[in-house]
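Here is a short report for a first look at a new structure. Please keep the sequence and the model in view while reading.

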Amino acid sequence: MEAGESLLFLLRERVGLPGSKNACEQGECGSCTVYLDGTPVCACLVAAGQAQGCEVVTVEGLADGDELHPVQEAFVEAGAVQCGFCTPGLLVAVHDLLARCDDPDEPQIREALAGNLCRCTGYEKIFDAVRLAAGRSR
Amino acid sequence: MTMTQPLTADGVGASARRPDADAKVRGDFAYSSDLWHDAMAWGATVRSPHPHARVVSVDASAALALPGVHAGLTAADVPGVNRYGLEKRDQPVLAEDVVRYVGEPVAVVAADTPELARRAAGLVEVAYEPLPALTDPERALESPALHEGGNLVRHLRIRRGALARADVVVTGEYEVGMQDQAFLGPESCLAVPAEEGVELYCSTQWLHIDQDQLAGCLALPKEHVRLTLSGVGGAFGGREDLSVQAHACLLALRLGRPVKMSYGREESFAGHVHRHPARMRYEHGATRDGRLLYVKADILLDGGAYASTSAAVTGNAACFATGPYEVPAVEIDCRSVYTNNPPAGAMRGFGAVQVCFGHESQMDKLAAALGMDPVELRLRNAVSTGSTMATGQRVEGPAPVAELLRRVADRPLPPPAADDPRLLPGGTSNSTRADRLVRGVGYGLSVKNICKSAGYDDYGTARVRLFAHEGEAVAEVHTAAAEVGQGLVTVQAQIARTELEVARVTILPADTEVGDAGTSSASRQTWMSGGAVRAACLAVRARLLERAAALLGEPAGALTIGGGAVTSSARSITLAELLAEGDVDETAVFRHRFTEALDPETGQGDAHVAYAFAAHRAVVDVDPELGSVRVVEIACAQDVGRAINPVAVEGQMHGGIAQGLGLAVMEEIRLRDGRILNPSFTDYLIPTTMDMPPTVLDILELPRPDSPYGLTGVGEPPLLSAPAAIAAAIRDAVGPAAAAALDRIPMTPEAVATAVLDA
């Protein structure tokens, strides 16, 4: 590991977990959102060394084996996935939102996902997916 | 034609599940930036810091002295022709004696790690002798030539009818800033040297045109440059031109080792073309009762340093300069020019977006001058089937322009803003209150060509193989068509299910081992590659029936395929049994109807395959003092012919509207002396969840007579008139005095506040 390396680089290039994405690498797009000790962070803004001893959960860790997590399944069913580059970060952000609040209203959903850019969907189907997943988990 | 009903589950017309979705939500889908080879080196690019300069010398010795740095290549190392380009090969793979824009590649290096490669790139010493930079497109034609043949890329004139004296004349000048495609997946690829030539895994919109250009640059026969599409993180036109492809291949072939390249966001802004900035002067003449008599338009597009697709964008801007209206007389001049700004090329809407802001601004201005409702004025002049466009081409097929506009106009308006800062201009920065806002409503109508135009021999190729696996028939579909997020893989599978009535379909990765599919742009790929898949399926079906006819001893015409079997009046044989004697494997090429080039003097001709139309209504709230804008709602009505996958169609509409909103109020690449001032998502803003309002979609399905299943392209229309409608709504909110100064998009808070203050 080199000094100054980000957690994102560590995950993608050294650990072989490229699911977290590298769209802006300055914390604007949220494509690299991962859980760090249970808190969603932009992995590009965390120095790899800061993650020493922490539990990191990436998009690769959401599904239960062959079974998709309900949030993942909802994204697929609702048509919230187009190019899919923003999807890994959004899945972690939505996973976190629904863990905190099982019935978010639309302004809450919009606010919770304001740090995740998507260039394909205009977000509507992502909101549908959040509502679908929330409805199923209640 | 007879419509194929969705007899099979998840066939044509169903919102079928994306075949790539599971991998995408698991984080397992390999985008080009995720590619990995154990032996790979990393490439990095040395770019010009000058908009225009002579390259005196390039010295990579300091870079090569670093342990772990293996190559430093310049123009002299390009084995073939050091030029590429989509329409005109005028762009060097690596600069020779001159650089023409900030960010132009001058050298490439390869090293063991990405960090080392970046450091090595920084150590390459390039001596430049700066030259005067041409950054104002208005001065291009009088400035020293940046390319042999001068600074005019293309001038298209359209002349039709005689300009009559009009009761009412309105003029206007409008400007559109430079928009970025801002796809999230950075330019990246992996080039692997092969026994013969090179194998390239990359994200692109058109594998075969990449192959063609690369073969020329690398001095290899085309068949020795094999491309496979990797995961594409969005495209929107920005992946039509080469970026990393040639550089990675050069390095890999030189080192005899796989080479990966991947841009960061800042480099991505330099690494692809952008939407053409436009300056437009318009004059509309009409009768007192609101009938258009003529339109004059003079349009200037800044093509930047290299040609890319400027000529075709010029064609589109000219062809659609008058919008979806009947205009008896037109006088249109559209020019694209070379400058020392970053190259401009394809972006969703391709010239039709810029002029839509122009013609729709004019329609509103004309309505105001006539004292007429802007919806009524548009309805009065809207084209319909049988109308004649500015180029003299008759509109064939459905053209429900008036209907689309009525549908958005007749919708109830959203309620006034609630006093929740999240829903107000400025958002949670809490800078305004509901009682300080003014509301506006605006409309936009648009038209664009679907598929390639002007005589281009456009086609798609598909190979479909039907085979038996574990007692079941499986269809395998192979094309070179680029899945860029739009859902083409889903559509291909749906078509195969419908035509072959099989449940199991496999879509092979797109590569150059199968024939050309053409580009995933011009809203053409479902039409063209969808058409090719359908044609290949029909060929497979015919072969199956022949086989069954021989076995059953009945004429093929008496047999039907369904439920995994071929059935005659008396007997039935399963597809798996039929396939026991061998796979059925068919390749088909699909072409749309012939188009003609435009007359060089008059711009007249049947240049387009089809026209698509959309209507938008935007509702905005504006704080007039701060100039801050919140788009409250956008309604969009669009005729899609036939929705092959309704959820995917809605996704295209939502996404197109979002990019239109971005162009309307926030997105612009800002340049100073040819340098991009905001090459990051911190400074180049694209709409977030807080910026996007609820969008209301109205999808018409009026089948076309000339396309597979009656479909038409859906990718671009939902963007086209979104910016114009939002701009109109802002003008409506601030009132006519301030509106007159709002002639440029994006309409920034500064522009809005200044217009209000000066009014």
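## Two domains in chain A

The centres of domain 1 of chain A and domain 2 of chain A, taken over C-alpha atoms, are separated by 19 Å. Domain 1 covers 7-61 and domain 2 covers 70-137; such bounds come from an automatic or database domain assignment. Their contact takes 14 residues from domain 1 of chain A and 11 residues from domain 2 of chain A. Contact requires C-beta atoms, placed from the backbone, within 7 Å.

On the domain 1 side, strand β1 (residues 33-36) of chain A gives the most, with three residues. Strands (E, at least two residues) and helices (H or I, at least four) are DSSP runs, numbered from the N terminus.

## Basis of the model

This is a predicted model: local features need pLDDT of at least 70, side-chain atom pairs count only at pLDDT 80 or more, and totals for chains, interfaces and linings use all residues. Residues are numbered from 1 along each chain as its sequence is written, while chains are lettered from A and ligands numbered from 1 in the order in which they are written.

## A sheet in chain B

Four strands of chain B form an open sheet in the order β21-β20-β19-β25, with mixed pairing. Strands pair if DSSP finds at least two bridges between them. The edge strands, β21 (504-507) and β25 (584-591) of chain B, each pair on one side only.

Strand β20 (residues 472-478) of chain B pairs with β21(B) in the parallel sense, over four bridges. V474(B) has R504(B) in β21(B) as its bridge partner.

How values were computed: Two residues are in contact if their C-beta atoms, placed from the backbone, lie within 7 Å.
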